[in-house]
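Open the model in your viewer and keep the selection panel at hand. We will go stop by stop.

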Amino acid sequence: MEDSSTARGAGGTPGGILEFVIGVALACAGAYLLTSRVTVTTGFWNFWGQNSFGLTLIPLLLGIGMIFFNGRSFFGWMLVIVGAVVILAGIIANMSIYFQPTSLFNTIMMLALLAGGLGLVAKSVRSH
């Protein structure tokens, strides 16, 4: 049985809490800087070759109407869930993600902060 007076580190191991905190801070800074250089756009909503966003709203709207009529309608809830999943999938499928032009130095710094922070977090949960 362990003595309660021994200090435990990150992840319950004898690793360093300070390493963990610094690692999380570095990883968060790197991730923030990297994602702030990314532009996300969307194009036309196309399913089966045609612009069909309105068609994907039909199950959602029918489900909402059924739920307003009877809040315990299993089929209504299923329509709402399926409709929301189809709309979410359509949004994700039609996104375009672009990395904005930046200098090589900035890119290396962003990736080094992210990788270094993740490395420190991984090191902190090991006993040493």
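## First stop: Val-38

Select Val-38: with a relative accessible area of 28%, Val-38 is partly exposed. Keep in mind that this is a predicted model. Val-38 is found in strand β1, residues 38-42. Now show its neighbours, leaving out residues up to four places away in sequence: Val-38 touches Ile-97, Tyr-98 and Phe-99. Next, draw a C-alpha to C-alpha distance from Val-38 to Pro-101. The two are 63 residues apart in sequence and 9.3 Å apart in space.

## Zoom out: the whole chain

Colour by secondary structure. The protein chain has four helices and four strands. Trace it along the sequence and the pattern reads α-β-β-β-α-α-β-α. Of the 128 residues, 20% are buried. Residues 24 or more positions apart account for 70% of them.

## Helix α3

Select residues 74-93, which form α3. Its end C-alpha atoms are 28 Å apart, and that agrees with the span its 20 residues should have at 1.5 Å a residue. Which residues of α3 are buried? Highlight Gly-76, Leu-79, Val-80, Gly-83, Ile-87 and Gly-90. They cover an arc of only 100 degrees around the axis, so they sit on the same side of α3. Turn to the other side of α3. There, Phe-74, Val-85, Leu-88 and Ala-93 are exposed.

## The nonpolar patch

Select Val-40, Leu-88, Ile-91, Ile-92, Met-95 and Ile-97. Together they make a nonpolar surface patch of about 560 Å². Which element gives the most to the patch? It is α3, with three residues. Both α3 and β4 (95-99) supply at least two residues each. Pick out Ile-97, which lies in strand β4. Ile-97 counts as exposed because its relative accessibility is 60%, and the cut-off for exposed is over 50%. Ile-97 is also one of the residues that Val-38 touches.

## Helix α4

Move to residues 104-124, helix α4. Select its buried residues: Thr-107, Met-110, Gly-117 and Ser-124. Look down the axis of α4: these buried residues fall within an arc of 155 degrees, so they line one face of the helix. What do they pack against? Show α1 (17-35) and β4: the buried residues of α4 pack against both. On the other side of α4, Leu-104 and Phe-105 are exposed.

## Last stop: the salt bridge

How many salt bridges does a search of the whole structure find? One. Select Glu-19 and Lys-123 and show their side chains. They meet in a salt bridge, at 3.6 Å from N to O. Glu-19 lies in helix α1 and Lys-123 in helix α4, so the pair ties together parts that are 104 residues apart in sequence. Side chains of opposite charge can pair when their charged atoms come close. End on Lys-123 with the surface on: Lys-123 is partly exposed, with a relative accessible area of 38%.

Conventions. Residues are numbered from 1 along each chain as its sequence is written. This is a predicted model: local features need pLDDT of at least 70, side-chain atom pairs count only at pLDDT 80 or more; totals for chains, interfaces and linings use all residues. Side-chain values use heavy atoms; hydrogens and water are left out. Patches are made of residues with over 30% relative accessible area and no salt bridge: like charges are joined within 9 Å, nonpolar side chains (Val, Leu, Ile, Met, Phe, Trp, Tyr) within 5 Å. Accessible areas come from the Shrake-Rupley method with a 1.4 Å probe; for residues, only the protein chains shown count as cover. A salt bridge is a side-chain nitrogen of Lys or Arg within 4 Å of a carboxyl oxygen of Asp or Glu. Buried means under 20% relative accessible area, exposed over 50%, partly exposed in between (1.4 Å probe, protein chains only). Contact means heavy atoms within 4.5 Å. The arc is that of the directions from the helix axis to the C-beta atoms. The expected span of a helix is 1.5 Å times one less than its number of residues.
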